[in-house]
Amino acid sequence: MTASRYALIGHPVAHSLSPRIHAAFARQAGIDMRYDAIDAEDFDAALAAFDGAGANVTLPHKQRAAAACSTLGDRARRAGVVNTLVRGDGGWHGDNTDGLGLVRDLTGRQRLDLRKRRTLLLGAGGGARGVAPALLDAGIGDLFVVNRTPERADALADALGEPMRVHPRYLDDLKGLGEFDLIVNATSATRNGSFPGLPMSLAGPRTAAVDLSYGEAAVGFLAWARAAGARDMVDGLGMLVEQAAESFALWHGVRPDTDAIHAELRAREDALVSAD
Ligand code: ATR
């Protein structure tokens, strides 16, 4: 085992900002570590070959990572997906920092009060599963889970175990659901260029619209939210930085300050998006 070695395992990972974020945290904390992006189609083979002390896991392997762990933290167990691995004596310990990362960005940096917000979660894949428990813990009101494949919306709602607060619905129902105070886009629809039409009636002057993606991938949903009259439009860059800080804290016992790297990446993203 190489104690100073960490990595992100996913497919694809070439454009990931995580190595840059963790390098900045390591410099800040005075910790000598290496953090690589490992592009792997076969997650199990990549993990078996990896000799480091910890790893992040991203698309499309978060569910597979949960299965590879010998122990799971509470957040990962409720989500059924793992984004952070910590090597222990008896194998990998899995945790999920995505949800806390999102809530920290929304309540801290964006200064949004999430309590009692009537919430729509679009998607029921790894991203949606990672953030739903933390949103519930943050005190949102009713949570409507809408997904293209109805069985996955049902499965996520069941897994969350709060039938009075969590309601699975289907794409065809969207028109009749009324207005939401918080809409979280956790689908990969914009990433793969096939964003479904959303009724304007979902958003209004109280709505915060949040995309878990950032950069080009978030443009379509956030443009829809603006056109629909939403008040706040938030992309996933802040969540990316905050979830990384939580992972860093699990590995090193120090929670880094996130403001400087967030500002640097925000300036870079703004320049890239406006250049297109
Ligand atoms: P992730 O880890 O990003 O959540 P995922 O587990 O593959 O990735 O989930 C992708 C999510 O985007 C799913 O909710 C998926 O819907 P299905 O469960 O029906 O596949 C959703 N999604 C992807 N493309 C979509 C599209 N064109 N329209 C609507 N939903 C889409």
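The lining of the second largest pocket takes at least three residues from each of domain 1 (2–96 + 238–275) and domain 2 (99–235). Domain bounds here come from an automatic or database domain assignment. Before going further, please note that this is a predicted model: local features need pLDDT of at least 70, side-chain atom pairs count only at pLDDT 80 or more, and totals for chains, interfaces and linings use all residues. Residues are numbered from 1 along each chain as its sequence is written, and side-chain values use heavy atoms, with hydrogens and water left out.

**The pocket**

A pocket is an open set of points on a 1 Å grid over the protein atoms alone, where a 1.4 Å probe fits, with protein on both sides within 12 Å along at least five of seven lines; lining residues have an atom within 4 Å of a point. The second largest pocket has a volume of about 340 Å³, the volume being the space filled by probe spheres set on the points, which are joined across faces, edges and corners. Its lining counts 16 residues, and L222, M233, D235, R266 and D270 lie nearest the centre. Sorted by class, 7 of the lining residues are nonpolar, 3 polar and 6 charged. Ala, Val, Leu, Ile, Met, Phe, Trp, Tyr, Cys and Pro count as nonpolar, Asp, Glu, Lys and Arg as charged, and the others, Gly among them, as polar. At least two lining residues come from each of α8 (216–227), β12 (232–234) and α10 (259–275). Helices (H or I, at least four residues) and strands (E, at least two) are DSSP runs, numbered from the N terminus.

**The two domains**

The centres of domain 1 and domain 2, taken over C-alpha atoms, are 23 Å apart. Contact (heavy atoms within 4.5 Å) links 21 residues of domain 1 with 20 residues of domain 2.

**A helix pair**

Helix α10 also packs against α9 (residues 237–252), at an angle of about 150 degrees and with the axes 10 Å apart. Axes are lines fitted to C-alpha atoms, for helices over the stretch in contact, and angles run from 0 to 180 degrees between N-to-C directions. L237, G238 and V241 of α9 meet I261, H262, L265, R266 and E269 of α10.

**Backbone details in loops**

| Cis bond | Omega | Loop of the proline |
|---|---|---|
| H11 to P12 | near 5 degrees | P12: between β1 (2–10) and α1 (18–29) |
| L59 to P60 | about -5 degrees | P60: between β3 (52–57) and α3 (62–68) |

R111, a residue other than glycine, has a positive phi near 55 degrees; R111 sits in the loop between α5 (98–109) and β7 (119–122).
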